Amino acid sequence: MTGDVCLSVEHIWKVFGTRPDRAIEMVGRGATREEVHQATGCTIGVRDVSFDVGRGETFVVMGLSGSGKSTLIRCVSRLNEVTSGRVVLDGEDLTAMSDDQLRQVRRHKMSMVFQHFGLFPHRRVIDNAAYGLEIQGVDKDERYERANKVLEVVGLRGWEQSYPQQLSGGMQQRVGLARALTVDPEILFFDEPFSALDPLIRRDMQDELIRLQETLQRTIVFITHDFAEAIKLGDRIAIMKDGAFDQVGTATQLITDPATDYVQEFTKEIPKAKVLTTAAVLKPGRGGPNGRIVRLDDTLEGLLPALLEDESEIGVEDSDGKTVGVVDRQAVAKALEPDR
Amino acid sequence: MTDVLQPTEVALAKEETRRSRFGWWWLALLAGVVLLQYLVSSTAVPPLWDTAISGPIDQFATWARENRQIHPIFTGFFIPFSAAVDWGLTTIEAFLKWLPWFVLPLVVFLVIFRTGNWKMATVATLSMVYPGLVGLWDTTMETLSLMAIAVLIALAIGIPLGVLAARRPSVERLIRPVLDAMQTIPAPVYFIPVVLFFGIRRVPATIATVIYSLPPAVRLTTLGIQGVPQQSVEASDMFGSTPRQTLFKVQLPMAMPTIMTGINQTIMMALGIVVLATLLGAGGLGQEVLEALNQRRTGRGLAAGLAIVAVAMVLDRVGRSLAFADRTRPASRRYVFTSLLLVIGAIIVGRAMGWVTFPEVWEVSVFDPVDTAVRWGRDNLSFITRPVNDFIVAGLLIPVRDFLTLTVAWPVLLFVTGFICWRLKGVGLAIFSIFALLLVGLIGMWALSLETLTQVLAAVVISVAIAIPVGIWAGRNRRVDAALTPILDALQTIPSFVFIIPVILLFTVGQVPGIIAAVLYAIVPGIRITALGIRQVPEESIEASQTFGATPRQTMFGVRIPLAAPTIIAAVNQVIMMVLAMVIIAGLVGGGALGFETVRAVTRGETGLGFEVGISIVVMAIILDRLTYAWAMRLQPPTPSH
């Protein structure tokens, strides 16, 4: 991780049950989750997870149900207490904070968007959005003004006076998003925010989030069980299994270089041509014979017209217009091979 | 729920052996019965402790009466407390009587009309006027003020307690058994200790009402707060809310519909008991009914009874319109403002013009025609009432009572009860039942208890015979259900005591009116819960049965009824508890047995007797309740533990 670290998670464990020490020790000696459960009655939720998230980065944790991803985000946001380890936000140790200190951090630095929205049905949309400010004690005019701005940004203008249950699922989650954004947090936690939505609405919401993130540049920790969603949203992605990370990397790293069979299983379903960029198939070279040039961040799909017309190597340049290497048909064909 | 079978293999294996040995247990039971019957010929437990309990209690009561003005516990707590309650009562009553009479109906109309239901608003408003039309306006105001104070106290205690219980499991564990007990014990029972500490008249009536109506306020508040989705609470936490902010901004508002239902139930229960509290000299509508019945002035009794029903209806509708108001359409400020103006205007005009008391010219005398009609009914419907009466008395009551009190030796009864308790629930309940029943016998309440039990059994048999088939029918047939709903709704709103009035008018005084009233009172939940059980059977199970070519009958007896059985037994449990409460109340009007003794104890201040009767009733209530509950639990299919 380069640059400014916003959130740093250091060796956190979450063990449910009465004898966590024993359970951690057993895992240390190589026992599986099942063996630990048999012996101690404890369930390992999160097993020694560490990661850093840079400021403005979108870090996605992808895992199937039971992988511990929800437990992880609940530990990081301290909705659950960790069994051991530290969570450091902007240099402050969240795990060591008193309830009062935590409350202050929650009021000003973090927000969360929930899977089933967690909206307040007894409050109008505007009052839902303004909730965080209300808790901070911001006066009514100011909080309505700020909430109105955010509601407009998420496309809910005109719905301020409605109640959440009068809105569709996708719009309800827009309220959830607005509520999280109104307090202007440093870091946003998303706990499977779109998995309760229809596929088409889900895609809209993903696009919306990408659009928002372009201007907001917030630090985001995003939990999902959908690999495609992880690829689409994440700057970096962690694949989680049995309470631990199997691999952490960019979409391209996961697809071109899966660390485990488990990770590879997910990449199989992914339309690689749409995800991989020229960077993944870059060969050293100083440009092609025909002088044709493609961009480093073009997807492989985007290369196809050039490849059809040009059998030889094609030059590749980065966003500054500097030539960084070449691609050819073989390299692309190899990258798209189904068995990879 | 700890009694639900744990689906571990051990438990299943135990269950197997238990089933296979069942034949032997029956044989053991039979042998025990024969042996005990042979050994002991006495049919009643010797009342060895006749004065062991009542003696000291009477002494204490005497002491309490003599020291009421001196002892610090009275001068320091009970007397000032009573004075405060009494002051509240007097103030509210004075206020209600100071208000021009039409203000109350106006308020009722405005509150219900807010929900846009003008039909219901009109009906409720007319119902509110009714007591005035039959000359019972002031009496009704007395009842209302007693209720208002009792409900206010109950809510002031109940809602915070409910919140506390929802937030602290330890508090919930502590108060749950107390609430259970409060709901199991028939109301007249705790009149007795209340009288001892607060004396006779309106204050003890208020206290008794508070005790009786407290449980729903606590329970539904707890339920409502626990029912708030975890995510909403966490969302609130994540914004850095303090626990207090989360409570007031999220949990309480989101629990409000449930809490309002609790308040509605509290009000309805308070009304039910306020009528009974007549026994404590509370005055009001209940006294009107009781006096009328005692003097055989049926018209007056009926008019007062209907006034109670009218008040119940009004309170229920007002409560519901507040509880179920559509949250997405809050009353506009203008409506609230206009309503307030109207009410204030009505008060000013009423006071200025002197239109305060209900205009006498409007009062209609319905008493005489009703008296005539009832007399006609009694004389001419005897071809129905007499056979019913005879069947219940000669066919059910006398044989059962004679069997229990004249034939069966007392150890046999203890043995059989203990055996059933043991088989259905466990050793704990068996030991409790045996010793508790023995205690009832030793303090000299054996015969009276068996007589009450006889009445309860008779009423339960009749109720179950009606409620279960009707419930099953309603559960299967939407049209039947739709036709029954308004009737059941109406019956459920009527306070228990009122059921006795029409019945007693048609039947002669005695045990039968009490039993019929108990049946009418108890079949409502019986039918409701049975229908619910039948309706809750998953459609998939029914269709699975049908795809195997099962006839409707086979589906009914092979799938529907077994799957609904736990709920049906829960219905029986409810029936039994309601019958018991009603049989005790029926003691007021000649039902005899424990009920009558309760009345005697309360009205004559025989505290010792009151405690003995109370113990007997509570013992009976607890055993019957736990037994049927355990039975329902046993019928529950094993559920996975996680």
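Visitor: Which residue in β7(A) does A:V113 stand opposite?
Guide: This is a predicted model, in which local features need pLDDT of at least 70, side-chain atom pairs count only at pLDDT 80 or more, and totals for chains, interfaces and linings use all residues. Residues are numbered from 1 along each chain as its sequence is written, while chains are lettered from A and ligands numbered from 1 in the order in which they are written. Strands (E, at least two residues) and helices (H or I, at least four) are DSSP runs, numbered from the N terminus. In β7(A), the residue opposite A:V113 is A:F190.

Visitor: How many bridges join β6(A) to β7(A)?
Guide: Two strands pair if DSSP finds at least two bridges between them. β6(A) and β7(A) run parallel, and the number of bridges joining them is four.

Visitor: On the pairing of β7(A) with β8(A), what is the bridge partner of A:F189?
Guide: Strand β8 of chain A covers residues 219-224, and its pairing with β7(A) is parallel, over five bridges. Within β8(A), A:F189 has as its bridge partner A:V221.

Visitor: Which element gives the most to the side of chain A that touches chain B?
Guide: Contact here means that the C-beta atoms of two residues, placed from the backbone, lie within 7 Å. Chain A brings 20 residues and chain B 16 residues. α4 (99-108), β6 (110-113) and α6 (131-136) of chain A each give two or more. With four residues, the one giving the most is α4(A).

Visitor: What distance separates the centres of domain 1 and domain 2 of chain A?
Guide: The bounds, from an automatic or database domain assignment, are 53-271 for domain 1 and 274-335 for domain 2. Taken over C-alpha atoms, the centres are separated by 35 Å.
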